[in-house]
Amino acid sequence: MLHDADMKFYRRFLRNLTRQVRYLQRSVKATRDGVPRLQAVMALTYAALCMQGQARILKSITRKLSDELTRQVLPDGGHASRNPGALIELLLDLLPLRQAFAARNVPPRRR
């Protein structure tokens, strides 16, 4: 997306993206439990995988992601809400996240 961008736009874009990620980090605990919180944690995981210099954050956020998945995905594979739509929505977010882990050659945390 930033391949042919001029340097001024590039810096402004990354500064804004960093600001948005910091805001999400501060607000994730206050996010409504369930799918919204899991999606917020997934968004932070994407950011940590895709932005430079995020190794420390990646370690902590993958731990949070693993904890949320363990808490929200039941042993039978369903979501804790028992809403089949929630499960589909989460899978559509989780499959590309798995590819992002593979592309960065970072193993996802497993319990």
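Predicted model: local features only at pLDDT ≥ 70, side-chain atom pairs only at ≥ 80, totals over all residues.
Biologist: How does aspartate 33 count at 42% relative accessibility?

Modeller: Aspartate 33 counts as partly exposed.

Biologist: Which arginines form salt bridges with aspartate 33?

Modeller: A salt bridge here needs a side-chain nitrogen of Lys or Arg within 4 Å of a carboxyl oxygen of Asp or Glu. Arginine 37 pairs with aspartate 33, with closest N and O atoms 3.4 Å apart. Arginine 71 also pairs with aspartate 33, at 2.4 Å between the closest N and O atoms.

Biologist: What does the pair of arginine 71 and aspartate 33 tie together?

Modeller: Look at where each partner sits. Arginine 71 lies in helix α3, residues 55-72. Aspartate 33 lies in the loop between α1 (7-27) and α2 (35-50). The pair therefore ties together parts that are 38 residues apart in sequence. Arginine 71 is itself partly exposed, at 41% relative accessible area.

Biologist: Which glutamate forms a salt bridge with arginine 71?

Modeller: Glutamate 68 does, and the closest N and O atoms are 2.9 Å apart. For spacing along a helix, start with the general rule. An α-helix has 3.6 residues a turn, so residues three or four places apart point the same way. Here glutamate 68 and arginine 71 are three residues apart in α3, about one helical turn. Glutamate 68 is buried, with a relative accessible area of 10%.

Biologist: How many helices and strands does the protein chain have?

Modeller: The protein chain has four helices and zero strands. From the N terminus, the order is α-α-α-α. The C-alpha atoms fill a box of roughly 50 × 30 × 25 Å along the principal axes. Of the 111 residues, 30% count as buried. Among contacts with a separation of 6 or more, 55% come from residues 24 or more positions apart.

Biologist: Is alanine 86 buried or exposed?

Modeller: Compare its relative accessible area with the cut-off for buried, which is under 20%. Alanine 86 has 5%, so it is buried. It is found in helix α4, residues 84-103. Alanine 86 touches Val35, His79 and Ser81, leaving aside residues up to four places away in sequence. Threonine 31 is 55 residues from alanine 86 along the chain, and their C-alpha atoms are separated by 16 Å.

Biologist: Which residues are closest to the centre of the second largest pocket?

Modeller: Take the volume, then the lining. The second largest pocket holds about 350 Å³ of space. It is lined by 14 residues, and the closest to its centre are Leu14, Leu17, Cys50, Met51 and Gln52. The elements giving two or more residues to this lining are α1 and α2. The largest share, eight residues, comes from α1.

Notes. Residues numbered from 1 in each chain as written. Heavy atoms only, no water. Buried < 20%, exposed > 50% of the residue type's maximum accessible area, 1.4 Å probe, protein only. Contact = heavy atoms within 4.5 Å. 1 Å grid on protein atoms, 1.4 Å probe; cavity = no way out; pocket = protein on both sides within 12 Å on 5 of 7 lines; lining within 4 Å. Points joined across faces, edges and corners; volume = space filled by probe spheres on them.
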